[in-house]
Amino acid sequence: MSDTTEKQVKDEAAVNTQAYANSGHDEEVGMVNKSGQLHTDLKGRHMQMIAIGGAIGAGLFIGSGSALYKGGPAALVIGYLIVGVMLLFTMQALAELAVLYPVNGAFFTYVVRFVDPSWGFAMGWDYAIAWLTVLPFELIAAGITIEFWRPDLNVAIWVTVFLVILTLIQFFGVRGYGEVEFVLSMIKIAACTGFIILGIIINCGGVGDKGYIGAKYWYEPGAFKNGFNGFAGVFVVAAFAFGGTELVGLAAAESANPRSAIPKASKQVFFRIAFFYIINLFILGLILPSNDERLENASGANSSFSPFVLAIQDAGISVLPSIFNAVITISVISVANSCTFGSTRTMQAMAERGMAPKFLAYVDKAGRPLWCVCIQLAFGLLGYIGVAANGLDVFTWLLSLSGLSYFFVWGSCCLAHIRFRLAWKAQGRTLKEIPYTTPLGIWGSAIGLGLNILCLIATFYNALYPSPDATPNAEAFFEQYLAAPIVIALYLGWKAYTGNWQMWVNLNDIDLTAGARPLEIDEQEEEVKTWANLPMRIFRALF
């Protein structure tokens with residue numbers, strides 16, 4: 001990008017900010033603790049890389065192994081595909097809202113505004129807690145990946161090293177986050193592409209001593225394992241793997257040109273789901289049998305039992321396992337970097353609304369929510385617990401707050417979009433004013449919400465009966481479903497605190513103008529939908 005173009009983008013962002021400052025409405029409805037401005041330093045390339053590869057980490061490279069072991073290759077692909085389709089609709093809904101309302105807090109703000117403040121309070125803290133607790137896990141995960149080469153060194157050394165690196169990144173604000181994600185995402189995308197090519201070669205017998213494999217492992221040991229129990233067990237693993245995709249919406253308030261960048265980034269989710277998850281996992285199921293006992297250990301941060309690494313080792317390739325383990329290390333650091341963005345921006349937005357301690361609303365001159373960053377990095381110190389005896393048991397409980405949380409957040413995004421569209425219609429507004437509309441409109445969000453609810457039901461069943469012959473166990477249940485009672489407690493707690501027991505915000509009471517960037521009616525010409533331009537309309541919807 002030339003200096004002139006970049007200056008024009010910054011000038012445009014400054015004009016928009018000034019327009020809000022001079023308007024009669026607060027940029028965000030319900031703000032009680034006004035703070036400094038977050039900087040709009042994220043460019044289009046940052047947003048697209050965050051969307052495509054930003055959250056690819058241990059959930060894909062390690063967690064997919066346990067999902068393969070529990071459910072089989074068909075359940076692995078179908079489960080990830082269901083969560084991927086659900087997330088595709090969720091991101092489309094979030095993109096429409098984020099382009100029209102590029103406000104701080106994104107989906108937390110939308111839920112408070114269009115659904116119910118108490119549910120927004122529950123979703124905000126649930127999401128923030130999820131990222132707060134994921135950070136120490138990712139630091140431990142990064143340290144354990146180093147053990148692949150240096151088992152003689154204590155993991156605490158690497159927890160310290162990676163925590164210092166994350167701290168240094170924070171000095172550069174949101175631009176530092178964007179640049180780091182841009183570089184690391186490029187590496188992850190290259191690794192995923194390379195594994196697809198390598199997997200095809202292994203499957204065809206080009207490498208290793210197994211000869212042509214084809215679809216042998218789909219017949220023996222089989223496409224499915226453990227019946228519906230195994231299939232249902234894939235969903236929490238898939239949610240953890242996809243978690244972080246919604247950060248594109250959260251970054252809207254810090255994007256230089258959200259009207260252009262966010263739709264492009266949200267459309268990239270389609271390729272991320274189809275290419276980097278589904279195709280990779282399909283090939284993985286072709287070249288690694290689901291009854292491989294090593295996969296039972298493919299959970300948490302144990303990169304030595306990553307199904308990707310195991311498949312390469314089984315092919316007899318000596319150098320590539322180390323290279324792919326390095327990719328896993330980079331991926332884990334990338335997700336840790338996302339932690340410091342996801343939690344801090346959510347807590348800062350909640351503090352501005354009086355739903356978190358007031359001091360968390362502070363934003364310094366560099367556009368950083370300083371105290372929120374300090375709290376997130378302080379949670380990183382919990383990584384040292386993992387070094388202690390039975391320390392990883394603590395993380396089992398901490399992580400029970402994260403995987404399930406994404407279903408609540410994604411479902412709430414779809415619900416907020418549905419309520420927004422209903423309010424938009426009830427108040428006599430036209431769709432022509434919305435800068436970016438989702439291809440399936442309110443129906444896409446309804447499908448996304450329905451899939452989220454189905455995933456929650458399947459996960460509930462799997463928490464009770466993880467295997468066909470299992471009996472309900474309280475400890476095993478709450479290890480998977482702990483987020484649900486916490487969400488309910490947060491919701492009812494805020495209801496009791498405020499004394500407002502109204503279930504919904506009335507459609508006619510929803511403020512649709514505060515912080516909005518609608519189109520002028522003559523700003524775009526409506527395209528006539530014909531069979532002749534259908535291919536081009538589909539192309540624009542995807543690209």
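1. A residue counts as buried when its relative accessible area is under 20%. By that cut-off, 56% of the 543 residues of this protein are buried. The model is a predicted one, and the points below should be read with that in mind.

2. Overall make-up. The protein has 22 helices and 0 strands. Consider the contacts between residues at least 6 apart in sequence: 83% of them join residues at least 24 apart.

3. Helices α15 and α16. Two packed helices are described by the angle between their axes and the distance between the axes. For helix α15 (residues 320–352) and helix α16 (residues 370–380), the axes come within 9 Å and cross at roughly 135°. An angle over 145 degrees would count as roughly antiparallel, so α15 is oblique to α16. The crossing of α15 with α16 is right-handed. On the α15 side the contact is made by Cys 339, Thr 340, Ser 343, Thr 344, Met 347 and Gln 348. On the α16 side it is made by Cys 372, Val 373, Ile 375, Gln 376 and Leu 377. These residues divide into 6 nonpolar, 5 polar and no charged.

4. Helices α19 and α20. Helix α19 (residues 441–464) packs against helix α20 (residues 474–481) at an angle of about 155°, and their axes are 8 Å apart. Since angles over 145 degrees count as roughly antiparallel, α19 and α20 are described as roughly antiparallel to each other. Their crossing is right-handed. From α19, the residues that take part are Leu 456, Thr 459, Phe 460, Asn 462, Ala 463 and Leu 464. They meet Ala 476, Phe 477, Gln 480 and Tyr 481 of α20. This contact has 7 nonpolar residues, 3 polar and no charged.

5. The structure holds 5 salt bridges. One of them pairs Arg 421 with Glu 96, whose closest N and O atoms are 2.8 Å apart. Arg 421 belongs to helix α18 (residues 403–426) and Glu 96 to helix α4 (residues 63–100), and 325 residues separate the two. Are the two partners buried or exposed? Arg 421 is buried, at a relative accessible area of 13%. Glu 96 is also buried, at 0%.

6. Other salt bridges. The side chains of Asp 292 and Arg 294 meet in a salt bridge, with an N to O distance of 2.6 Å. Asp 292 is buried, with a relative accessible area of 13%, while Arg 294 is partly exposed at 29%. Both residues belong to a network of salt bridges that also includes Asp 314. Elsewhere, Glu 433 forms a salt bridge with Arg 429, and here the closest N and O atoms are 3.0 Å apart. Glu 433 is buried, with a relative accessible area of 14%, and Arg 429 is partly exposed at 24%.

7. Backbone points to check. Most residues other than glycine have a negative phi, and most peptide bonds are trans. Which residues are joined by a cis peptide bond? They are Glu 220 and Pro 221, with omega about 15°. Pro 221 has its place in helix α9 (residues 216–222). A positive phi, near 60°, is found at Asn 226. Asn 226 sits in the loop between α9 and α10 (227–232). With 34% relative accessibility, Asn 226 counts as partly exposed.

8. Ser 412 lies in helix α18 and is buried, with a relative accessible area of 4%. Which residues does Ser 412 contact, leaving aside its neighbours within four places in sequence? They are Val 111, Trp 119 and Met 123. Ser 334 lies in helix α15 and is buried too, with a relative accessible area of 0%. The C-alpha atom of Ser 334 is separated by 6.4 Å from that of Glu 181, although the two residues are 153 apart along the chain.

Conventions:
Residues numbered from 1 in each chain as written. Predicted model: local features only at pLDDT ≥ 70, side-chain atom pairs only at ≥ 80, totals over all residues. Heavy atoms only, no water. Axes fitted to C-alpha atoms, helices over the stretch in contact; angles between N-to-C directions. Helix = DSSP H or I, 4+ residues; strand = E, 2+ residues; numbered from the N terminus. Parallel < 35°, antiparallel > 145°, perpendicular 65-115°, else oblique. Left-handed = near helix turned anticlockwise from the far one by under 90°. Contact = heavy atoms within 4.5 Å. Nonpolar A, V, L, I, M, F, W, Y, C, P; charged D, E, K, R; others polar. Salt bridge = Lys/Arg side-chain N within 4 Å of Asp/Glu carboxyl O. Buried < 20%, exposed > 50% of the residue type's maximum accessible area, 1.4 Å probe, protein only.
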